[in-house]
Amino acid sequence: MREGILFLLIFLWLLSGDDAPRTDYLQKILHQLHDEADMCANKTFRTNMTYPIPEAVSAELTSLFDLENKRPRMHYYHNVTGSFKGTWSYDKDITAMIDTELPLPPAPPEAKNGTDTDGGAKLDGVGSGEGGKEQQEDRGNNSTIASPGSNNTTDPEPGTIVAEEPPLDTIIDKKPKYLEDVTKNRGLFDFNKSGSFMFNIRESKATEQVNLVSGTWRLKHDDNEDFGISLQVQGVHFVNNGSFYMWGIPEDARMPLSHILDLMPNNSSFIMAAAALKEQYLKRIKRVENVMHGYENLDYPETTMSEPSSCHYQMYMQLGGIDSSVRSTSLKELEREMATPQGISTIKAPHLNSTLFMYSPNCRIAIGIKDGEGMKREKFFAKAVNYAGMAGTIAFIQVFLLVRQMEYTPTPSSVSKVSYWTIAMQVFMDSYLCMLHLTTGILVDFLFIPFVAASFFSFVLVAMFGMRYMLVIWRIQRPERRGRRNRAAAAAAASANNSSTGSSTGVEATAATATNRPTDTMPGGLPLPVTATRPAAPEPDSPRSDMQALYGRFYWMLIASLVTLYKIAISSTRVQNLMISACALLLFSFWIPQIVRNVIRGSKRGLSLWFVLGMTVTRLVLPIYFYACPENLMGHEPTKWIWGLVLWVALQVAVLLLQDWLGPRFFIPKKYLPPIYDYHPIIPAGDEESGQSITGHTHGHQQDCAICMLPIDTASTSGHARLSSVVGSLGRLNYMLTPCGHLFHSDCLERWMRIKLECPNCRAFLPST
């Protein structure tokens with residue numbers, strides 16, 4: 001006991017670790033924030049000669065922000081927390097003008113190393129720096145973005161520390177180094193191609209005129225398998241004119257917030273941005289102090305799969321103006337209602353779009369983005385709630401339909417008509433929807449309740465009803481599978497025996513006749529002696545083994561498909577579209593196994609009409625929503641190929657319905673039809689089952705039905721004239737001869753087969769009628 005307690009204390013001590021490195025790390029960040037706040041407070045707006053903005057970029061920004069006031073004054077959204085997406089393209093013309101105007105690439109603003117050298121975690125947006133490089137602090141210089149001809153030089157305020165501009169020879173001396181660094185900084189990502197982007201943006205109010213902006217930016221190609229480039233973004237948003245000034249840096253780098261001031265176009269915007277950054281620095285300092293005192297926890301930054309690149313981007317975004325017919329007060333009421341719903345009536349949300357321009361001074365790259373489509377977080381949340389409600393309703397309807405189908409097949413005979421794979425494919429799709437909704441609800445906090453509710457109904461459909469119905473079908477159809485294996489083994493053994501011994505046709509006929517007899521009788525019909533060697537008995541039915549086999553196969557298929565989906569997710573868009581189309585075509589062929597089973601068994605009406613129509617409609621709702629509705633949750637572009645999937649499923653339903661009306665084999669030529677066992681064969685007069693001899697005299701005993709224990713009349717089919725006699729043909733319907741050679745009344749065996757598809761005498765499997 002003492003040793004156990006001692007080991008437990010040692011384990012807890014090792015698990016706790018030493019807080020000294022963590023405290024030192026926080027102290028280092030705290031001092032760093034104070035230094036950056038002081039530097040930000042001492043900065044003034046003036047022209048920067050170290051990182052000049054090319055004239056081509058200035059002209060583009062003048063057009064973007066309408067610095068010449070050519071457009072009418074409009075109003076804009078004040079908070080656009082949400083996402084923007086669209087296509088980006090490499091601007092070759094502007095890049096060529098930059099190369100002509102600035103032969104030397106400008107040096108990047110180097111930042112401090114933001115990696116944790118003391119074993120602590122990074123505090124998101126708190127540290128500063130770029131891995132492995134020393135920070136060259138620019139306390140008085142700031143790169144400005146001014147329109148051509150504007151005077152943006154102001155005198156420094158009293159007491160301001162202003163650093164002198166570095167001489168040009170220091171830049172010229174760096175020419176070989178920076179010429180090599182341009183290619184190195186770009187990395188392996190090909191900027192000459194176009195692609196798509198996703199900008200997840202988050203805003204927080206700093207002052208009445210300025211919001212602080214943070215988020216992630218992702219660039220990727222559409223025609224390769226690269227992961228793309230991920231950037232962390234920080235900047236400011238001037239709410240009155242809808243303009244954004246931001247820096248985009250690699251995920252493993254940090255940059256002081258004061259560098260945002262280098263992007264300001266004039267002194268007034270500089271003052272407003274400096275006030276907003278001052279408030280932000282105070283919040284971050286307060287937060288670090290709370291972490292040091294144990295009131296808050298550190299945030300561990302998430303890592304994504306990104307191509308290595310060291311490009312720093314100056315990012316400029318202009319929101320699309322809202323029509324002048326919409327009053328600014330109505331827009332503010334709309335945003336207030338979307339942020340904190342009160343149930344008041346507001347205007348319809350105006351369209352949100354933006355135009356963006358990105359310029360990298362250290363990689364000499366200019367990227368233009370036209371008409372980036374935006375979606376506010378509140379609108380996305382409303383769409384997500386509506387989608388979750390739709391998905392939950394669909395799952396509930398499917399539960400009702402599956403219960404009705406289980407009631408439609410109450411007996412083993414009716415269950416034997418249902419295809420196991422038809423039900424399994426649908427359960428497989430429902431299990432993926434359940435996992436998808438549950439994962440989304442866990443990862444996205446504000447979507448937890450609606451998506452978990454949708455996943456609950458899918459879970460009920462899969463676990464409580466779908467798997468149960470699959471298990472029932474599996475157990476009832478097991479004798480059928482066993483019979484197929486036995487027949488295949490017997491056929492293989494007979495063919496091997498015939499090929500080795502060269503037996504005659506008579507011997508083959510005798511062997512074939514023997515295989516039709518029960519395995520526990522002799523050729524004469526008498527039971528085998530007690531001491532005779534009997535064939536191996538079939539394996540007893542075990543519910544536990546059935547469940548193990550069923551669930552084992554199901555979960556192995558689930559894991560294999562998860563690996564496949566992961567491979568699809570990291571592939572290029574073209575490969576993704578191809579694989580998604582193939583998987584959709586395969587999964588939405590769930591009626592094909594039922595059609596095939598109807599043909600093989602010659603049976604029909606295995607599935608109820610309501611089940612077929614209801615499942616078809618409900619399973620097509622989600623694909624149509626994502627690939628035909630332009631305002632879907634994921635933002636997929638509508639495609640016409642979705643209607644091909646709808647036609648494919650409709651064709652399957654049409655074949656199923658025609659099988660019920662015209663027969664299960666109406667579209668198969670007779671020469672290709674599989675054989676169907678005839679339960680009403682013509683019994684020869686000399687056959688022991690007929691009860692008569694060849695001369696017409698009865699045997700010593702007449703066959704009795706093992707179900708009702710009454711004699712079976714086969715006399716109406718005796719004699720040479722019975723083959724052409726209508727009465728003789730109708731007389732064959734009075735009895736049924738099983739494949740194992742046992743004779744019963746037709747009514748008795750049909751009632752028996754509604755309950756069990758096994759011979760009452762020998763328990764051999766009976767094919768459905």
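# Chatting through a predicted model

Me: Starting with two helices: why are α3 and α4 described as oblique to each other?

Reply: Their axes cross at roughly 140 degrees, and therefore α3 and α4 are oblique to each other. Roughly antiparallel would need an angle over 145 degrees. Keep in mind that this is a predicted model.

Me: Which residues make the contact between α3 and α4?

Reply: On the α3 side they are E55, A56, V57 and E60, and on the α4 side I94, M97, I98 and E101. The two axes come within 8 Å.

Me: Which residues of α3 are buried?

Reply: α3 runs over residues 55-65, and its buried residues are A56, V57, S58, L61, T62, L64 and F65.

Me: And what covers them?

Reply: The cover includes helix α4 (92-101) plus the strands β5 (243-250), β6 (313-319) and β7 (353-360).

Me: Is M709 buried or exposed?

Reply: M709 is exposed, because its relative accessible area is 58%. R763 comes out at 47% relative accessibility, so R763 counts as partly exposed.

Me: OK, let's zoom out. How many helices and strands does the protein have?

Reply: There are 21 helices and 10 strands. The protein has 769 residues, and 43% of them count as buried.

Me: What about the surface, how much of it belongs to carbon and sulfur atoms?

Reply: Carbon and sulfur atoms hold 61% of an accessible surface of about 41,900 Å².

Me: Which residues form the nonpolar patch on the surface?

Reply: They are L438, I442, L443, F448 and I449, and together they have about 540 Å² of accessible area. Helices α11 (420-443) and α12 (448-476) each supply at least two of the patch residues. α11 gives the most, with three.

Me: Pick one of them. Where does I449 sit?

Reply: I449 is in helix α12. Its relative accessibility is 67%, so I449 counts as exposed.

Me: New topic: how many salt bridges are there?

Reply: The count comes to five. One of them joins the side chains of D262 and K43, with 2.9 Å from N to O.

Me: What does the pair of D262 and K43 tie together?

Reply: D262 is in the loop between β5 and α7 (267-292), while K43 is in the loop between α2 (20-42) and α3, so their bridge ties together parts that are 219 residues apart in sequence. Both D262 and K43 are buried.

Me: And K205 with E208, are those buried or exposed?

Reply: K205 and E208 are both exposed. Their side chains meet in a salt bridge at 3.2 Å, N to O.

Me: Which residue does K376 pair with?

Reply: K376 forms a salt bridge with E335, again given as 3.2 Å from N to O. K376 belongs to strand β8 (residues 365-376) and E335 to helix α8 (residues 328-339), so this pair ties together parts that are 41 residues apart in sequence. K376 counts as buried because its relative accessibility is 6%. E335 is buried too, with a relative accessible area of 11%.

Me: How far apart are the C-alpha atoms of I53 and P361?

Reply: They are separated by 8.5 Å, though I53 and P361 are 308 residues apart along the chain. I53 is found in the loop between α2 and α3. I53 is buried, with a relative accessible area of 14%.

Notes. Residues numbered from 1 in each chain as written. Predicted model: local features only at pLDDT ≥ 70, side-chain atom pairs only at ≥ 80, totals over all residues. Heavy atoms only, no water. Patch = residues over 30% accessible without salt bridge, like charges linked within 9 Å, V, L, I, M, F, W, Y side chains within 5 Å. Areas by Shrake-Rupley, 256 points an atom, 1.4 Å probe, with all protein chains shown as cover. Salt bridge = Lys/Arg side-chain N within 4 Å of Asp/Glu carboxyl O. Helix = DSSP H or I, 4+ residues; strand = E, 2+ residues; numbered from the N terminus. Buried < 20%, exposed > 50% of the residue type's maximum accessible area, 1.4 Å probe, protein only. Contact = heavy atoms within 4.5 Å. Axes fitted to C-alpha atoms, helices over the stretch in contact; angles between N-to-C directions. Parallel < 35°, antiparallel > 145°, perpendicular 65-115°, else oblique.
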